[in-house]
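Please examine the sequence and the structure shown below. The report that follows treats selected parts of the fold in turn.

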Amino acid sequence: MSGSKLFEPIKVGSVELQNRVVLAPLTRFRNDDDGSPNADLAVPYYAERALVPGTLLIAEATDPSLFAGAYPNVPGLHTDAQVEAWKKVTKAVHDKKSFIFDQIWSLGRVNPGVVQPKIYGPSPIADGEAKVPEELTKEEIHELQQNFVTASVNAINAGFDGVEIHGAHGYLVDQFFQAVSNQRTDEYGGSVENRARFGLEIVDKVAAAIGADKVGIRLSPFSEFQSMKDENPYPQFEYIISKLQEVHPDLAYLHVVEPRVSGGSERVWNEKEESTEPFHKLWKGAWIAAGGFTPESAIEYANTHENSLVAFGRSFVSNPDLVARVKEGIAFRPYDRNQFYNAKAKEGYLGYEFAPELKGKYY
Ligand SMILES: Cc1cc2nc3c(=O)[nH]c(=O)nc-3n(C[C@H](O)[C@H](O)[C@H](O)COP(=O)(O)O)c2cc1C
């Protein structure tokens, strides 16, 4: 396996990675009630996944403000306590000579929390009580964009190597991107260009604040999670990617989810008509592909796609040593979906031992 491009160095923004296997962002709800990563849980969790030096980890979706998101036990980056807590995580990863970006999100219409922003588009929440989402005012749009900027600056202060804007999976940025959810008639809706505006402005503003080489963005043109997916996603996402290539060719990376998955699950997909290849052709910089990869298909992908990395999600839950397992050809331990989201539980979060075959070489 070590002959594969997957284990050749690659530059991503300002960091030099030693391999191209990436930890996909994974919401696990293990944070303290104040949105601080827990020192006894998150620190060893991320440190274990940084086992192979020169690996890129993308930390779980993080709230840039209470207005942006209010799922319980999700981390934040808007208080001093949260920044201090994240410092322990980033230090532990850097001590292993690996790297870590933080994913920043805003929930928009899927926000179930106590702080209910004026959500946007028809709500997919089927609890009978779902509020009809309201259109964000211009003031609120600018406030939310500023939240992303402040959180990104906080991320750098907390020791992150960069941030990933969560433009995927039906959260706010994606709600703006897609016609299926965006019903605005002002300059933030109504056309391909207008729908792209909210997210592209966030990239502009965050890049201006921390440097484009510390910013990535994630897109999921085919995901149906949270009632998303335009009938024909190509014009919209081709425009977004072309614009990013034109304005921010030095962005750290573009992260695009394959049509095989919707959020964290498999989806039925049309192999003839759905493909990320047209998007890949439009982007010259570092490219992260995610969704339904096996070690074999990841090796094949890296060998056949210029400048590419492959992110793993679910298998990283039960295999903290996943990068070494891929490199050494050791089978993955199966994951248990029941352990994904249990708030604050140590069980199913820590305690997955490294493969004994790796002893002496990796630990
Ligand atoms: C438990 C869990 C949590 C996830 N949390 C996030 C998240 O915070 N942000 C995100 O963009 N995707 C999230 N995803 C999607 C993953 O990043 C990834 O794209 C998906 O699992 C497909 O990759 P895989 O087939 O390797 O699992 C999550 C998936 C799972 C299973």
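Where does Lys97 lie?

## Two residues with positive phi

Lys97 lies in the loop that runs between helix H2 and strand E5, the latter spanning residues 99-104. The model is a predicted one. In it, Lys97 has a positive phi of about 65°, although Lys97 is not a glycine. Is Lys97 buried or exposed? Lys97 counts as exposed, because it has 12 C-beta neighbours inside 10 Å, and a residue is exposed if the number is 12 or fewer.

Asn73 is found in the loop between strand E4 (56-62) and helix H2 (80-95). The phi of Asn73 is near 60°, which is a positive value in a residue other than glycine.

## The barrel

In which order do the eight strands close into a barrel? The order is E3-E4-E5-E6-E7-E8-E11-E12, and the pairing is parallel. On average, neighbouring strands of this sheet are turned by 25° against each other, with direction ignored.

Strand E7, residues 215-219, pairs with strand E8, residues 253-257, in the parallel sense; four bridges join the two. Arg218 stands opposite His255 in E8.

Helix H5, formed by residues 192-210, packs on the sheet and touches strands E6 (162-167) and E7. The direction of helix H5 makes about 170° with that of strand E6.

Methods: Residues numbered from 1 in each chain as written. Predicted model: local features only at pLDDT ≥ 70, side-chain atom pairs only at ≥ 80, totals over all residues. Pairing = 2+ DSSP bridges. Axes fitted to C-alpha atoms, helices over the stretch in contact; angles between N-to-C directions. Contact = placed C-beta atoms within 7 Å. Buried ≥ 20, exposed ≤ 12 C-beta atoms within 10 Å, placed from the backbone.
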